[in-house]
Amino acid sequence: MFFRAATRSLSAQSRQFSSSAARQSKVAVLGAGGGIGQPLSLLLKLNPLVTELSLYDIRGAPGVAADVSHIDSKSEVHGYPADKLDQALEGTDVVVIPAGVPRKPGMTRDDLFNTNASIVRDLAAAIARVSPKAHILVISNPVNSTVPIVSAVLEKAGVYDPAHVFGVTTLDVVRAQRFLAGIVGADPKEVPVTVVGGHSGTTIVPLLSQTPHGKGVTGEAYKKLVHRIQFGGDEVVQAKEGAGSATLSMAYAGARFTGDLLRAINGEKGVVTPTFVKSPLFADQGIDFFSSNVELGPNGVEKILPLGQISAEEEELLAASLPELKKNIEKGKKFVSQS
Ligand SMILES: NC(=O)c1ccc[n+]([C@@H]2O[C@H](COP(=O)([O-])OP(=O)(O)OC[C@H]3O[C@@H](n4cnc5c(N)ncnc54)[C@H](O)[C@@H]3O)[C@@H](O)[C@H]2O)c1
Ligand SMILES: O=C(O)C[C@H](O)C(=O)O
């Protein structure tokens, strides 16, 4: 039931809600002019649960908005240039942040920290001031650090609600399902995979043993599959040869997670998907942000689900992920405390 909800396709979401009365949901995209921002804005325009779309970027958002606004779905679209961030955020229920620089070959996500940390910090400060009750979906890398940055900025401003801040790790789930399906010859929708931990290299931990198809992949094939899921982002970065990282698959993943949240906000029960949130699961080890299956509800994070039974190999992957995750989280927190 949980997995079915988490893996529902965008078109299924649209079909389900196109005829039912939904509440008003204003969604803002910060970084809407970029490689992810543009197709993400397109996909959000197609979601009937989005009633107003607010597109902001320091470059090009009014043009993207004019273009997307001609699509014959119901929502209103407005574009805002660099000096109109506050207007873009006014009255938003959900803010999705793909603003920031992407990797080039040879870089790690952490190499983006110096540029993206201040971008995300400043956007979070504006959200804290203008729309403090909004749900914030962070795509900008390094997610393991940018989510703690957003959280710390909101905390400093006295408006932090941990149930409203999410790191979007859906692309790891999308990849895990696609790659596993390719190996076992199944439809990706039928091979749901929970991916936990963080969103970079070895902090990405797929729990393949929890699915019948995943359990059947062993030995060298298992090792190769785990590596491909953990380093799928590098595959795209290398193939794009310096022109950026995943944009189209990320737009799909971002729209899927936003759609999941909007369905939960609209009262649908049993919407469960992995996301990187403030979490008690490893807090006793000083890791207070972690991605795991989360049940979403009208107020965002409804319930953080335990990892469940995992294999000895997954125990090892998890143990290997925690020190890096802890370092990334602390780096984000320190950046805000020293700002
Ligand atoms: N979470 C994930 O799974 C995931 C997947 C892919 C990419 N990413 C990350 O998403 C980010 C964006 O990637 P991209 O390929 O779209 O990059 P891009 O360079 O194509 O687009 C980024 C956009 O952000 C805008 N921007 C920069 N500073 C801004 C600010 N202060 N306010 C508003 N907009 C601003 C730029 O003008 C640009 O249009 C990168 O950090 C990338 O690493 C995350
Ligand atoms: O790999 C990247 O830098 C972008 C993104 O985090 C991804 O997983 O594709």
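**View 1. Residues 26–167 in the predicted model.** Helix makes up 38% of the chain over residues 26–167, and strand makes up 18%. The end C-alpha atoms of this stretch are 19 Å apart. An unreviewed UniProt entry places the feature "domain: Lactate/malate dehydrogenase N-terminal" at residues 26–167.

**View 2. The two domains of the protein.** Domain 1 covers residues 25–167. Domain 2 is made of two segments, 170–274 and 285–338. The C-alpha centres of domain 1 and domain 2 lie 21 Å apart.

**View 3. Domain 1 where it touches domain 2.** Here 40 residues of domain 1 are in contact with 38 residues of domain 2. On the domain 1 side, at least two residues each come from helix H3 (37–45), strand E4 (94–97), helix H6, strand E5 (135–138) and helix H7 (143–156). H7 supplies the largest share of this side, 10 residues. By class, this side of domain 1 has 25 nonpolar, nine polar and six charged residues.

**View 4. The shell around ligand 1.** There are 33 residues around ligand 1. Gly34, Gly35, Ile36, Ala99 and Asn141 come nearest. The shell has 17 nonpolar, 13 polar and three charged residues. Both domain 1 and domain 2 contribute, with at least three residues from each.

Note on methods: Residues numbered from 1 in each chain as written. Chains lettered and ligands numbered in written order. Predicted model: local features only at pLDDT ≥ 70, side-chain atom pairs only at ≥ 80, totals over all residues. Near = placed C-beta within 6 Å. Nonpolar A, V, L, I, M, F, W, Y, C, P; charged D, E, K, R; others polar. Domains from an automatic or database assignment. UniProt positions renumbered as here; feature names shortened; annotations may be inferred. Helix = DSSP H or I, 4+ residues; strand = E, 2+ residues; numbered from the N terminus. Contact = placed C-beta atoms within 7 Å.
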